[in-house]
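Here is a short briefing on one protein model. Have the sequence and the 3D view open as you read.

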Amino acid sequence: SIYFLAMSAFVVAFAGMWINAFIVCVLCLAWVKKKTLNSNEKILLLLGCTRISYLCLLWVYDFLLIIYPNYLYVHPIFQLISSFTTFFNYSNLLVSACLCGFYCIKIANFRNSFFIYLKVKIDRMVPWLLLGLDKRFFFSFFLTGFGYAASFMAVIFSAVFLLFSLWTHKRKMQKNSMKDLSMDAHIRAMKSILSFLVMYSINFVCLVSTIIYNMENENIMRLLIYIYLCAFPGVHSLILIFSNPKLEKALLKILSWLKCDFSMK
């Protein structure tokens, strides 16, 4: 059963790599074609790259666990894989939190002067923010607990503000009897943020549970938790694809092309 669970984690990590590789390829092609990317796409591109790196390391670990388990006992190998896996997982969560914050600032409607200032300046701030995160990773790598808590709070506040904005916007629409396209933008952003909030909460519980089961040497439970941790980046990226019209259109185009190709064969 442990071997089957390890194989499941291997397959899930491999699928997640391809899902995030799709996001990176679509955005890179758009970058080459347009010579520029908007702020949302820049964050998604960095998120895809960090998740690919994270899943590649998990895939290597699963490969060694299944094929060459003795290699994991060689002193530098396990320590290096573990350190870099933690690093890229931490960066994945931080960039995801930045994406949630961006959606909140860009879409939510508040008349607060500071919020309006952020809405106007956010596009210019994103490259510097992402560059600042890359620099902070090496320092905050040793403050992982604080980083998890900070990014989790950012997601929670983004969800709360966006929900409040959606509620007030809906009330205004009901009073004025008007239809507004921003309602769709609110709902798409809420789907993305709430899905990440749910998965992030489960992810945090899994991280705590891993520590507990490591102490109790519960191998099966550790592997079940590990499968979820492997699935998290791929599943959330799939949700982001269907929340983004450009990525969704590209995916449906590829699937329709594959369907026609198989039907011809």
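C98 counts as buried, because its relative accessibility is 17% and the cut-off for buried is under 20%. This is a predicted model.

**Cysteines**
- A search of the whole structure finds zero disulfides.
- C49 is in no disulfide. Its nearest cysteine sulfur belongs to C28 and is 6.5 Å away.
- C49 is partly exposed, with a relative accessible area of 35%.
- For C98, the closest cysteine sulfur is in C100. The two sulfurs are 9.3 Å apart, which is too far for a bond.

**The loop between α1 and α2**
- K35 lies in the loop between α1 (2–34) and α2 (39–66).
- K35 has a phi near 70 degrees. That is a positive value in a residue other than glycine.
- Is K35 buried or exposed? K35 is exposed, with a relative accessible area of 68%.

**Helix α2**
- N38 caps the N-terminal end of α2. A side-chain oxygen of N38 lies 3.3 Å from the backbone nitrogen of N40.
- α2 has 28 residues. At 1.5 Å a residue, α2 should span 40 Å.

Definitions and conventions: Residues numbered from 1 in each chain as written. Predicted model: local features only at pLDDT ≥ 70, side-chain atom pairs only at ≥ 80, totals over all residues. Heavy atoms only, no water. Helix = DSSP H or I, 4+ residues; strand = E, 2+ residues; numbered from the N terminus. Buried < 20%, exposed > 50% of the residue type's maximum accessible area, 1.4 Å probe, protein only. Expected span 1.5 Å × (residues − 1). Polar contact = N/O pair within 3.5 Å; in protein donor to acceptor, adjacent residues only side chain to side chain. Disulfide = S-S within 2.5 Å.
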